[in-house]
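Subject: Structure handover

Hi,

Here is the structure I promised to pass on. Have a look at it first, and then read my notes below.

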Amino acid sequence: MTEPTIYELSSAGRKGFTFAEPDVPAFPLPDEFIRKDLPLPELSELDVVRHFTHLSQKNYSIDSGFYPLGSCTMKYNPRINEVVARLNGFAQVHPLQPIETVQGSLVVMYMLQEALKEISGFPAISLQPAAGAHGELVGVLIMRAYHLSHGDAKRKKILLPDSAHGTNPASSSMAGFEAVHLPSDARGNVDLAKLKELCDDTIAGLMLTNPNTLGLFDEHVLEVIDIVHKAGGLVYGDGANLNALLGITRPGDLGFDILHINLHKTFSTPHGGGGPGSGPLAVAEHLADFLPDPLVDIIDPGDEETPPLYGFIHPKKSIGRIKSFHGHFGIIVRALTYILMQGAEGLRDVSEMAVLNANYLMALLKGSYHLPYDRDCMHEFVLEGVWPEAPDIHALDVAKRLMDYGLHPPTNYFPLIVNEALMIEPTESESKQTLDYFADAMRKIAKEAHEQPELLHEAPHATPVGRLDEVKAAKDLVLCCWRPEE
Ligand SMILES: *Cc1c(COP(=O)(O)O)cnc(C)c1O
């Protein structure tokens, strides 16, 4: 906020660029193509470098510190992924080139499809969806197409556990379904009695996150899937986070019909400002014909002299294209690089370490914070940021105070079924020293909450901007703080 904008730093006549000598004759542009009312900032190269370096240093990122944002799997983004994605053969191709000239890129897509099929236990997959929520929408559209293909038009409801990610009800509604609330039981599993009650011939299916957003593996997952199947419904798996399952169990083997996978979580590609997402959608055999069009496949197996030819195939009952071209190709290259670097055993190690790290942190913190579902967790766990003896302190205060310790806050106020939730996911990337530092900071904050509550209420103290009015920030969003004078 106190940082001047690049327009305010501008000083008429300064220059920060040098054009190369043209290698073609200069050609004057017609006058009507040149805008005279475009006030571009005028700065030296050094001014520009300093301005953007200062801004970047105000940002928090996975490269600058621990980022235990539950459900988001903020793991390290290996640099080798970037090196491979920047290779000219991948970075400079065009999606409309003839397939004979982009065989390498098609092989990469094919290999990623095969790897994700093996990891998830499904026989068919599309790499088109642009993110997790987009994968969900595609998945529920496939559920709809499947039921309609059987002439079954009365299935209008999708069951959603109360621990579900907010995108699940949103995707269901966008696809024209009614989202029906399904409660969890006292151990954090799906409430089986309630599930049986709700399952009839009006349900299109269930969307289940397993491990769920409490970080718990549903102890009756096979029974849950069976109940829904017996009612004629399909079971959608929200596989945004597979970080607890790699090489250990496969949603396809458990009986799920559909699963989306977030490459920008489990498979180490950047999040948010770091690049676009990618949410491949995998399905069981009976749904393969409905996948988005087209898919990459070997269209000519070749022979001893000619290598196989990779190209596109068109699923027979496809719901259609859902993304321009073929998904986020640069992200596909990064995810495949990560998978090949890990290998099968490395991927299993990832999940074992992710689960170990989460349980380690949970054990360190459960004396200082209330742990509402006290079971071994998977890749994450949820604490309460509130104490009976410190009733004025809320999860938000704990989160803000963590910033003073140089840490990114955990996810808070989600899942909704935990009071003042603090949802912590350390991932496998972090060292024991980092986990100990975090646990130490959390325990100090718990003590401060009781002894010096004002420290928490006024936090953060050490960031470029102090406590924001979050309601105002959301309702009165200002994305552009500088405009040219009229
Ligand atoms: C992140 C997440 C999503 C949504 O993924 P986006 O890529 O952010 O759209 C859905 N479900 C769960 C459980 C998630 O953690």
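To start with cysteines: searching the whole structure turns up 0 disulfides, a disulfide being a pair of cysteine sulfur atoms within 2.5 Å. C72 is in none, and its nearest cysteine sulfur, in C377, is 16 Å away.

Some background before the rest. This is a predicted model, so local features need pLDDT of at least 70 and side-chain atom pairs count only at pLDDT 80 or more, while totals for chains, interfaces and linings use all residues. Residues are numbered from 1 along each chain as its sequence is written, and side-chain values use heavy atoms, with hydrogens and water left out.

I call a residue buried under 20% relative accessible area, exposed over 50% and partly exposed in between (1.4 Å probe, protein chains only). On that scale C72 is partly exposed because its relative accessibility is 22%, whereas C199, at 14%, is buried. Helices (H or I, at least four residues) and strands (E, at least two) are DSSP runs numbered from the N terminus.

Next, the aromatic pairs, of which the count is 8. Rings of Phe, Tyr and Trp (its six-membered ring) pair if their centres lie within 6.5 Å; planes under 30 degrees apart are stacked, over 60 edge-to-face, and the rest tilted. F66 and F438 have ring centres 5.1 Å apart and planes at 70°, so they are edge-to-face. That pair links distant parts of the chain, 372 residues apart: F66 is in the loop between helix 1 (45-58) and helix 2 (79-85), and F438 is in helix 12 (residues 432-451). Both F66 and F438 are buried. Y369 and W387 also have ring centres 5.1 Å apart, but with planes at 50° the pair is tilted. Y369 and W387 are buried too.

S71 is buried, at 5% relative accessible area. F325 is another non-glycine residue with a positive phi, near 55°; this one is partly exposed, at 36%, and sits in the loop between strand 9 (309-313) and helix 10.

Where are the cis peptide bonds? One runs from D293 to P294, with omega near -5°, and P294 is in the loop between strand 7 (281-283) and strand 8 (295-300). Another runs from F414 to P415, with omega near 0°; P415 is in the loop between strand 11 (411-412) and strand 12 (421-424).

Helix 8 (residues 221-230) is worth a look. V221, V224, I225, I227 and V228 are buried there.

Happy browsing!
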